Amino acid sequence: SATVVSAVTAAFVVLSTLKSSSLLALFAYHPVSMSIAFLVCYPWGIRLAHKARVADGNARVALLSRHMTTQLAALGLSVVGFTAIYANKAVYGKVHFTSLHGKLGLVTMLLALGVVVLGGLGFKMYSPLPGQFHPAVKWMHRSLGVGMWGVSLVTVVAVLPHPAVVTGFWAKAVQVGVLGLGVLMVMVLRER
């Protein structure tokens, strides 16, 4: 269910953005990249990591490697979206991080970078830290990751409706989809 809600909600944002804006417009890269990152890739990566918690041996390593790849792809898309909106505002001489959406977006990006650093430090294969620190770092990574993703959902809902992205009925549908995705993910994460 979470996968379907995730894909449909992201598709609404992407298609409505492309309907109102061309791919030649710098702004378009912001909602398109961010939707794919935060509504598709990040939740998928969270689910992979959650599955890894009950797996052992090679299956666990494979799931965690897929989690890492998915989350790095999400971070890459997030950076593209962040760069696009930052550059777009600079082109038009607008001040950065003044709206609630902009402030929450900045917090989300800083948290996303922190999550990646903690993930690398908690993964034995890549970590320079002694083994006794890994459990605490992994706990911080998981906690910060879920918190970052939660803030990202609030960030998405806070900006809608937006005339260059999605308005009217579709804006409400995306808001319901984002909130529904959040609820479904909480249900998934509560499972053993």
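Buried, as I use the word, means under 20% relative accessible area, with exposed over 50% and partly exposed in between, for a 1.4 Å probe and protein chains only. This is a predicted model, so to speak of local features we need pLDDT of at least 70, and side-chain atom pairs count only at pLDDT 80 or more, while totals for chains, interfaces and linings use all residues. Residues are numbered from 1 along each chain as its sequence is written, and side-chain values use heavy atoms, without hydrogens or water.

I start with α1. Helices here are DSSP runs of H or I, at least four residues, numbered from the N terminus. α1 has 19 residues and spans 27 Å from first C-alpha to last, close to the 27 Å expected at 1.5 Å a residue; that expectation is 1.5 Å times one less than the number of residues. Its buried residues are Ala2, Ser6, Thr9, Ala10, Val13, Val14, Ser16 and Thr17. An α-helix has 3.6 residues a turn, so residues three or four places apart point the same way. The cover over the buried residues of α1 includes α2 and α6 (168–190).

Next, the loop between α1 (2–20) and α2 (29–52), where leucine 23 is found. Leucine 23 counts as partly exposed because its relative accessibility is 46%.

Last, serine 152, in helix α5 (residues 134–159). Is serine 152 buried or exposed? Serine 152 counts as buried, because its relative accessibility is 2%. A polar atom of its side chain lies 2.5 Å from the backbone oxygen of tryptophan 149. Beyond neighbours within four places in sequence, serine 152 is in contact (heavy atoms within 4.5 Å) with Phe38 and Thr108.

Key: Helix = DSSP H or I, 4+ residues; strand = E, 2+ residues; numbered from the N terminus. Polar contact = N/O pair within 3.5 Å; in protein donor to acceptor, adjacent residues only side chain to side chain.
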